[in-house]
Amino acid sequence: MNISYNWLRDYLDIDLNAAELSTILTNIGLEVEAVEHYEKIKGGLEGFVIGEVRTCERHPDADKLSITTVDIGSGTMLNIVCGAPNVATGQKVVVATVGSTVYKGDESLEIRKTRLRGVVSEGMICAEDEIGMGSNHDGILILSPDAKTGTPAKEYFNLEHDTIFAIGLTPNRIDSVSHYGVARDLAAFLGNEKNIRVRLPDTGAFKTDNTSYKVDVSIENPDSCNRYAGVSMTGVTIGSSPQWLQERLLAIGLNPICNVVDVTNFVMHELGQPLHAFDADQLSGHRIIVKNMPAGTPFITLDGIEHKLAAEDLMICDAAGPVAIAGVFGGLHSGVTPDTRNIFLESAYFNPVSVRNTARRLSISTDASFRFERGIDPNITITALKRTALLIKETAGGSVSSAIVDVYPRPIHPVKVVVTYKNIDRLIGISIDRARIKSILKSLEINILEESPDRLLLEVPPYRVDVTREADIIEEILRIYGYNNVPVSETLKTSLSYTAKPDREKLVNRISDLLCGSGFTEIMSNSITSSAYYEKLKTYPSENLVRIMNPLSNELNVMRQTLIFGGLEAIIHNVNRKNPNLRLFEYGNCYFYNPENSKKEPLAPYHEEFHFGIFLTGLKNEPNWTVKEENTTFFQLKGYVENALLHLGFDIQSLQAELYTGKPDLYEQAIQLKHDNIPVAEIAVLSKDLVASFDIKSDVFYADLIWETIVNITAGFRLQFAELPRFPEVRRDLALLLNKTVTFEEVKELAYKTERQLLKKVSLFDVYEDEKIGKDKKSYAVSFILQDKEKTLTDERIEKAMKNLMAAYIKDLHAEIR
């Protein structure tokens with residue numbers, strides 16, 4: 001949200017510089033994200049002055065050039081060569097002096113002292129397009145003879161400079177979505193020290209000129225429209241807005257449209273009340289009916305797009321049908337045109353939930369819906385209406401041709417809150433003077449209905465939709481009192497606490513640090529995602545999705561059931577930015593809904609699971625002249641997963657690896673790693689169709705650490721220390737010719753079963769397949785590490801152990817020893 005400093009001062013007498021005001025705004029909860037300086041004319045005419053042409057002669061070497069001497073009030077005449085046909089002695093002109101910059105569209109020209117056809121030129125006499133005052137370039141701009149020589153051009157043209165504050169407004173602070181709202185908050189902060197008060201724009205001059213054009217208003221759905229007010233105006237003339245109004249809108253980034261529309265936009269940004277000007281002659285039956293239409297009713301909005309209405313969508317209708325979507329967008333023929341002469345001004349309060357649901361369902365976001373769906377001030381409706389009517393009379397003429405119609409079937413009352421001094425002191429951490437507290441409450445327009453030595457009964461104005469509890473009141477007091485005014489205690493009070501083992505956070509951090517050290521990058525995806533990802537999945541069916549009741553958009557309408565889609569979004573985001581070689585990890589909750597439990601207690605159908613996902617894609621290493629270019633592989637990811645489990649205390653040799661076919665719509669191929677037949681991780685090549693749906697060309701490898709299971713298992717682990725072996729280990733290798741159906745897991749398990757005493761490690765270091773050794777055969781090259789903790793191994797014991805292993809392979813696996 002952009003706030004103009006000059007505009008702000010219309011309601012508040014302040015003289016603070018930009019840095020001071022930024023600090024104050026941020027301290028009171030209106031964080032200033034950026035500060036920009038606005039100039040009506042680019043460059044602000046710095047270095048441009050008013051001059052008088054004292055002499056003017058034709059250039060001897062150029063028919064279209066003139067040699068002039070110009071007085072700019074500095075005591076020294078400037079020699080300027082000018083190409084304009086209308087330059088003459090005695091004229092008052094605008095001079096761009098040496099060092100200044102002339103802007104023309106996106107181009108700029110720095111004025112320098114130079115020679116033109118052998119004659120020195122010390123500046124430039126400007127045309128109106130060269131100073132941003134118009135588009136004419138037929139000749140120089142000739143000023144009034146009364147213009148004072150030497151006057152800076154920005155003073156002569158009375159250029160307004162402004163400072164624009166970009167405020168990152170949080171959703172709960174809709175009360176400050178206008179210049180008046182920000183001024184009101186500043187007055188609350190500054191008023192206690194400088195007695196500054198905010199001024200509401202004066203509407204005392206409003207009056208009904210005649211009653212010749214009445215529009216009847218009725219509300220059929222008071223649940224969705226608490227208040228609807230309007231007034232008719234006749235005889236208006238649609239045209240351009242005056243300069244002051246255009247400059248106000250341009251300063252905050254709005255383009256002027258026409259006087260009537262500009263006034264409604266101005267008042268919305270001034271007071272926070274959205275308004276709409278209907279072409280009254282287009283309202284059938286001179287009636288406004290606020291109601292819902294049947295589901296499926298077609299409606300074309302101002303942008304020419306047709307929408308199908310839902311039965312819940314609140315509409316503004318005339319006698320013939322809908323003319324606008326309440327609080328969201330006008331209809332195709334609802335707005336003013338150059339031919340409009342009579343208008344009906346709307347100022348209303350619509351139910352925030354109703355507006356939000358309609359805006360999100362139709363995927364329409366407007367300045368009006370932004371305000372209505374967060375909750376505007378219901379008590380400023382009439383003030384805004386009068387202010388708008390007065391400004392339209394000023395800028396477009398016309399007459400107020402009806403009394404104000406104000407239909408208010410469901411009045412919104414102030415919220416009453418009880419607050420105790422004990423809780424104020426407890427939550428803030430210090431005791432604030434009671435008079436100061438009451439002064440702050442008064443400055444926030446929070447009325448004190450009753451007070452006693454220990455408590456206050458307060459009445460909160462309806463525009464503070466976020467202040468409904470005692471804690472909210474205390475936060476408001478602290479916000480105005482100043483967070484920085486709460487001293488930091490010199491003592492630290494703490495208590496001993498017991499943390500259940502294993503510490504989940506420490507385990508997560510341990511694996512995160514391990515992966516970061518291996519070249520991985522942590523990603524953080526939104527846990528709210530799109531239901532479209534799950535529509536055709538069997539692994540995670542859409543009926544198990546936890547749905548958002550009021551989604552921000554159709555792309556953010558459910559809670560995730562897996563980390564896969566967030567990871568793929570991150571991958572394609574990086575691939576599209578020329579960063580295809582990725583090692584990523586993410587951890588977080590996944591959310592599930594079980595409709596079978598819906599008849600039990602309200603929360604019974606819902607549960608969440610913590611998962612740790614790892615992604616690999618692209619090249620194994622960044623290409624360079626010392627390393628061969630290789631793609632990432634399934635086994636590379638398997639190594640990272642095993643290393644992670646090793647650091648969590650698992651015995652890698654005891655883990656079982658089994659083929660996994662449980663998620664065919666997500667995994668192309670996969671295995672499960674099990675500890676005592678309990679799955680602890682899934683390692684997979686993601687489905688080619690799934691990856692292609694994200695427009696990713698390369699394979700994506702994914703691992704899911706089943707965290708809850710891992711935590712439960714590691715809870716039983718105990719840290720043990722063992723003496724380093726004093727005697728050396730011995731390695732022996734075997735080449736086994738086996739059937740293709742035999743897995744390395746079987747080879748490893750049989751080895752440990754056969755040689756329990758000496759065997760420490762079994763590794764597979766080569767696999768060979770060829771028709772020469774048989775179509776159904778493969779050759780495993782396996783290494784065995786043997787070691788005795790008590791003494792050095794002899795050749796006899798080594799040979800005996802290896803013979804036992806070979807005999808077991810021949811007998812149980814029908815192996816051939818090569």
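Tutor: Ground rules: the model is predicted, so local features need pLDDT of at least 70, side-chain atom pairs count only at pLDDT 80 or more, and totals for chains, interfaces and linings use all residues. Residues are numbered from 1 along each chain as its sequence is written, and side-chain values use heavy atoms, with hydrogens and water left out.

Student: Why is serine 402 called buried?

Tutor: Buried means under 20% relative accessible area, exposed over 50%, and partly exposed in between, with a 1.4 Å probe and protein chains only. Serine 402 has 5%, so it counts as buried. You'll find serine 402 in the loop between strand 24 (399–400) and strand 25 (405–407); strands are DSSP runs of E, at least two residues, and helices are runs of H or I, at least four, both numbered from the N terminus.

Student: Which residues is serine 402 in contact with, leaving aside neighbours within four places in sequence?

Tutor: Contact means heavy atoms within 4.5 Å. For serine 402 that gives Thr208, Asn210, Thr211, Tyr213, Lys214, Val231 and Ser232.

Student: What makes the pairing of serine 402 with serine 232 a polar one?

Tutor: A polar contact is a pair of N or O atoms within 3.5 Å; within protein, one must be able to donate a hydrogen and the other to accept it, and residues adjacent in sequence count only if both atoms are side-chain atoms. Here the backbone nitrogen of serine 232 sits 3.0 Å from a polar atom of the serine 402 side chain.

Student: And serine 224, buried or exposed?

Tutor: Buried, because its relative accessible area is 11%. Serine 224 is in the loop between strand 14 (216–219) and strand 15 (225–234), and touches Leu314, Phe350, Asn351 and Ser354, not counting residues up to four places away in sequence.

Student: How do you know that arginine 117 is exposed?

Tutor: Its relative accessible area is 54%, so arginine 117 is exposed. Arginine 117 belongs to the loop between strand 9 (114–116) and strand 10 (119–121).

Student: What makes the phi of arginine 117 worth a look?

Tutor: Most residues other than glycine have a negative phi. Arginine 117 isn't a glycine, yet its phi is positive, near 55°. Histidine 814, also not a glycine, has a positive phi of about 55°; histidine 814 lies in the loop between helix 19 (795–813) and strand 41 (816–817), and at 56% relative accessible area it is exposed.

Student: Why is helix 6 called largely enclosed?

Tutor: Because 11 of its 13 residues are buried. Among them are Val260, Phe266 and Met268.

Student: How do you know that the span of helix 14 agrees with expectation?

Tutor: The expected span is 1.5 Å times one less than the number of residues. Helix 14 (residues 564–575) has 12 residues, so it should span 16 Å, and its end C-alpha atoms are 16 Å apart.

Student: Why are helix 11 and helix 12 called roughly perpendicular?

Tutor: Angles under 35 degrees count as roughly parallel, over 145 as roughly antiparallel, 65 to 115 as roughly perpendicular, and the rest as oblique. Helix 11 (residues 434–443) and helix 12 (residues 470–481) pack at about 95°, with axes 10 Å apart, and are therefore roughly perpendicular. Those axes are lines fitted to C-alpha atoms, for helices over the stretch in contact, and angles run from 0 to 180 degrees between N-to-C directions.
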